[in-house]
Amino acid sequence: MTWMVYGANGYTGRLIAELAVERGERPILAGRSREKVEPLAAALGLEHRAFGLAEAGRNLEDVDAVVHCAGPFSQTSEAMVDACLRSRTHYLDITGEIDVFESVSLRDADARKAGIVMLPGAGFDVVPTDCVAAILKNALPSATHLDLAFVVGGGASAGTTKTSVEAAAVGGRIRVNGELRSVRIGHRRRTARFRSGPREVGSIPWGDVSTAYRSTGIPNITTFTLVPGVLGQLQQVFAPVLRTSFVQGFAKTVAGKVKGPDERKRAKTRAEVFGEAWDARTKVECAVTTPNAYSLTADAVLRAVAGIGDVAPGSHTPSSAFGADFVRELDGVVVGEVRFT
């Protein structure tokens, strides 16, 4: 397979490229800036291309799959998806943005017609949480409610921080009776029973309110992480200011200076996921421990690229593409037992 990493000069794109070479893969490295992509490609001994999204279509004509890593995906995914449909190139990305998942899912018929797979969220956003959702649905097919929680260690990259800046201006999102609803961040709090022990978490907008619904059909979904109780109230007060172009621009400029965790920090930190599903009579839960979120992302993307040719064309989530046990195949992941409570 001929495949490409677009946005290879970014933090996560670089990790994917480096791990690919370590595993004997030869992806094409690409991005908007030749000055940024060329040195990385030379260091890794790989082919490179420089082009903007407007020129993506003709640069993908000889490419079987592209891993899109150039976010924020709210601004870039539509153009790359359009290019992939024209060139009949499989599309993968590493987004965690709810609206991107929603928009890509609406292109399912287009992807089927083109004979390609579209797989947004092929990294930590949302592989482990999506697979936990599917594991729980398999254990309790009658589930009507789903809570998913995660904690991560090691810090964030510039791209992740920029996406968080956008999310802070929007507020929380949940799934209620199959419909997306806006709520304040931290509108619900609960205890998540991670493998390392219980932690109090608050609700946030996470990609699974879109993807887990499509993976499982469970109509009521809330996602959680560590959130100070006062954060939701502050977000409501300052949301109008956060939405202004000046504040967004300034915050993203600052976010662009953030450095992701180095190799030593990634090796020493981990992430955890907890999920609970229930119906009127029964609850079931499962907890998972993973390596650092960025390390897991690189591993998951490479395995997804390797298997994408065997997936039925259309728009997919990780578990609909590769099954609920896809997360068990990833390096360093420990899946706890499924427990009925």
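## Helices H7 and H9

Helix H7 (residues 127–139) packs against helix H9 (residues 208–216) at an angle of about 35°, and their axes lie 9 Å apart. Axes here are lines fitted to C-alpha atoms, for helices over the stretch in contact, and angles run from 0 to 180 degrees between N-to-C directions. Helices (H or I, at least four residues) and strands (E, at least two) are DSSP runs, numbered from the N terminus. The H7–H9 crossing is right-handed, meaning that the near helix is turned clockwise from the far one by less than a right angle.

On the H7 side, the contact uses Thr 129, Asp 130, Ala 133, Ala 134 and Lys 137. H9 answers with Asp 208, Thr 211, Ala 212, Ser 215 and Thr 216. Contact means heavy atoms within 4.5 Å. The residues of this contact divide into three nonpolar, four polar and three charged. Ala, Val, Leu, Ile, Met, Phe, Trp, Tyr, Cys and Pro count as nonpolar, Asp, Glu, Lys and Arg as charged, and the others, Gly among them, as polar.

## Basis of the model

This is a predicted model: local features need pLDDT of at least 70, side-chain atom pairs count only at pLDDT 80 or more, and totals for chains, interfaces and linings use all residues. Residues are numbered from 1 along each chain as its sequence is written, and side-chain values use heavy atoms, with hydrogens and water left out.

## Helix H5

H9 also packs with helix H5 (residues 98–105): their axes come within 8 Å and cross at roughly 40°. Ile 98, Phe 101, Glu 102 and Ser 105 in H5 meet Val 209, Ser 210, Thr 211 and Arg 214 in H9. By class, this contact has three nonpolar, three polar and two charged residues.

Six of the eight residues of H5 are buried, so the helix is largely enclosed by the rest of the structure. Buried means under 20% relative accessible area, exposed over 50%, partly exposed in between (1.4 Å probe, protein chains only). The buried residues of H5 are Ile 98, Val 100, Phe 101, Glu 102, Val 104 and Ser 105.

## The parallel sheet

Seven strands form an open sheet with parallel pairing, in the order E3-E2-E1-E4-E5-E6-E15. Strand E3 (48–50) and strand E15 (314–315) stand at the edges with a single partner strand each, so one side of each has no neighbour in the sheet. Two strands pair if DSSP finds at least two bridges between them.

Strand E5 (residues 90–93) is joined to strand E4 (residues 65–68) by four bridges. Val 66 stands opposite Tyr 91 in E5. The chain crosses from E4 through helix H4 (residues 73–87) to E5 in a right-handed β-α-β crossover. Right-handed means that, with the strands pointing away from the viewer, the path from the first strand over the helix to the second runs clockwise. In E5, His 90 and Leu 92 point one way, Tyr 91 and Asp 93 the other, and all are buried.

Two parallel bridges join E5 to strand E6 (residues 117–119). Leu 92 has Leu 119 in E6 as its bridge partner. E6 pairs in turn with E15 over two bridges, where Val 117 partners Gly 314.

## Antiparallel strands

Strand E10 (residues 189–194) and strand E11 (residues 197–204) run antiparallel, joined by six bridges. A hairpin of two residues links them. Arg 190 stands opposite Val 201 in E11. E11 also pairs with strand E12 (residues 220–225), antiparallel over three bridges.

## Whole chain

The protein chain has 14 helices and 17 strands. Of its 341 residues, 55% count as buried.
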